[in-house]
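Hi,

Could you have a look at this one when you get a minute? The chain is just below, and my notes come after it.

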Amino acid sequence: MDERVHPEVRRIADEIDTMEIRGAATIADAVARALRTQAQESDATDPETFRGELRAAARTLYETRPTAVSLPNALRYVLRGMSSTTVEGLRQNVVDSADEFCARLERAQSDLGQVGANRLRDGDVIMTHCHSTDALACVEAAVEQGKHIEAIVKETRPRNQGHITARELHEMGVPVTLIVDSAARRYLNDVDHVLVGADAVAADGSVINKIGTSGLAVNARDRGTPIMVAAQTLKLHPGTMTGHTVDIEMRDTEEIIDDETLAELGNPTVKNPAFDVTPPRYVDAIVTERGQFPPESIVILMRELFGEGTTEPWVE
Ligand code: RUB
């Protein structure tokens with residue numbers, strides 16, 4: 001453990017690791033605030049020590065979970081703001097960049113919600129997978145436009161993020177039907193849109209999201225149900241423009257089965273991937289705060305936002 005990292009930053013890193021803080025946008029917001037805290041609490045007396053502390057904090061946060069690209073994108077945004085030559089100036093740079101980042105994130109989600117809401121008609125039924133604040137922003141905006149929306153919510157084993165979705169939709173006044181994941185195909189006939197979020201969107205338009213998204217998308221395509229991905233541009237993965245692939249997180253098998261039951265079964269191998277990749281041909285639209293895009297054209301937006309190359313967030 002790097003002693004330069006402030007205890008509050010370590011606490012946030014732990015909470016991301018254990019998923020008390022979870023979901024790509026929420027993680028991004030938390031890490032930007034964590035860097036802000038690191039800067040505010042730093043007692044570094046020279047700029048190089050200060051920069052070193054911020055880079056160490058960024059690395060600790062980065063190493064928590066590998067898939068949501070919003071995490072390194074947030075770190076990069078905040079660290080790139082460091083331009084001053086004095087410690088006080090650098091501290092102010094980080095505070096300003098972090099505040100700006102969090103404000104932009106909130107604004108992007110609300111703008112994206114308006115775009116997504118335009119795709120939803122009065123009386124539509126959506127099917128959700130996992131819990132996505134970007135996806136729910138679309139429903140919320142549609143409800144605010146006076147549209148009646150109903151939802152079929154997949155529980156999303158093993159962590160049951162569908163329960164969070166069900167509760168939040170209920171709070172918006174949206175009638176919810178909760179189903180087990182394996183019942184999704186059975187209910188797709190009753191659905192007008194599959195609506196999911198994303199942890200990362202690759203340059204070819206592939207969508208990386210909670211495990212089970214790709215199977216749902218294939219089934220939806222088979223039934224002719226449109227698949228809409230709500231993903232603010234923070235979810236675009238710049239590294240995929242230069243050939244990098246997205247690392248899929250493998251989580252602890254205890255999320256699926258306890259050791260005692262596992263032993264009773266003769267200790268089979270257990271796999272617990274947290275995410276999967278939905279190829280672009282199964283996605284109808286990626287809804288961002290900059291408008292909606294067919295997945296194949298998302299790379300144009302990526303080039304505009306990120307240029308051609310990126311480095312690790314803490315490399316200068
Ligand atoms: C969360 C998940 C969400 C995306 C988008 O996975 O897959 O669909 O992160 O969420 P986990 P948001 O629960 O493992 O973090 O739209 O809120 O960024």
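**Strands and sheets**

Methionine 228 stands opposite alanine 285, which belongs to β9. That pairing sits between strand β7 (residues 227–230) and strand β9 (residues 285–288), which run parallel over three bridges. Before going on, a word on what you are looking at: this is a predicted model, where local features need pLDDT of at least 70 and side-chain atom pairs count only at pLDDT 80 or more, while totals for chains, interfaces and linings use all residues. Residues are numbered from 1 along each chain as its sequence is written, and side-chain values use heavy atoms, with hydrogens and water left out.

Helices (H or I, at least four residues) and strands (E, at least two) are DSSP runs numbered from the N terminus. Two strands pair if DSSP finds at least two bridges between them.

(For angles, axes are lines fitted to C-alpha atoms, for helices over the stretch in contact, and the angles run from 0 to 180 degrees between N-to-C directions.)

**Around β2**

Four of the five residues of strand β2 (residues 150–154) are buried, buried being under 20% relative accessible area, exposed over 50% and partly exposed in between (1.4 Å probe, protein chains only). With strand β1 (residues 125–128), β2 pairs in the parallel sense over four bridges, and valine 125 has glutamate 150 in β2 as its bridge partner. From β1 the chain crosses through helix α6 (residues 133–144) to β2, in a right-handed β-α-β crossover. Right-handed here is judged with the strands pointing away from the viewer: the path from the first strand over the helix to the second runs clockwise.

β2 is also joined in parallel by four bridges to strand β3 (residues 176–179), with lysine 154 partnered by isoleucine 179 in β3. Another right-handed β-α-β unit is made by β2, helix α7 (residues 161–171) and β3.

The loop between β2 and α7 holds threonine 156, which has a positive phi of about 70 degrees although it is not a glycine. Is threonine 156 buried or exposed? Threonine 156 is buried, at a relative accessible area of 0%. Proline 158 lies in the loop between β2 and α7 too, and the peptide bond from arginine 157 to proline 158 is cis, with omega near 5 degrees.

An open, antiparallel sheet has the order β5-β6-β8. β5 and β8 are its edges, each with a single partner strand, so one side of each is left without a neighbour in the sheet. Two bridges join β5 to strand β6 (residues 207–210), and the partner of alanine 200 in β6 is isoleucine 208. α9 turns up here as well, lying across β6 and β8 and running at about 35 degrees to β8.

Glycine 197 is in the loop between β4 (193–196) and β5 (200–201). Glycine 197 is buried, with a relative accessible area of 1%. Beyond its neighbours within four places in sequence, glycine 197 contacts Ser132, Ala135, Val207, Asn209, Val229 and Ala230.

By contrast, asparagine 267, in the loop between α10 (259–264) and β8 (275–278), is exposed at 51% relative accessible area. Asparagine 267 has a positive phi, near 50 degrees.

**Charges over rings**

A charge sits over a ring if NZ of Lys or CZ of Arg is within 6 Å of the ring centre and within 35 degrees of the ring normal. Lysine 210 lies over the face of phenylalanine 275, 4.4 Å from the ring centre. The charged end of arginine 186 sits over the ring of tyrosine 187, 4.5 Å from its centre.

Cheers

Notes: Contact = heavy atoms within 4.5 Å.
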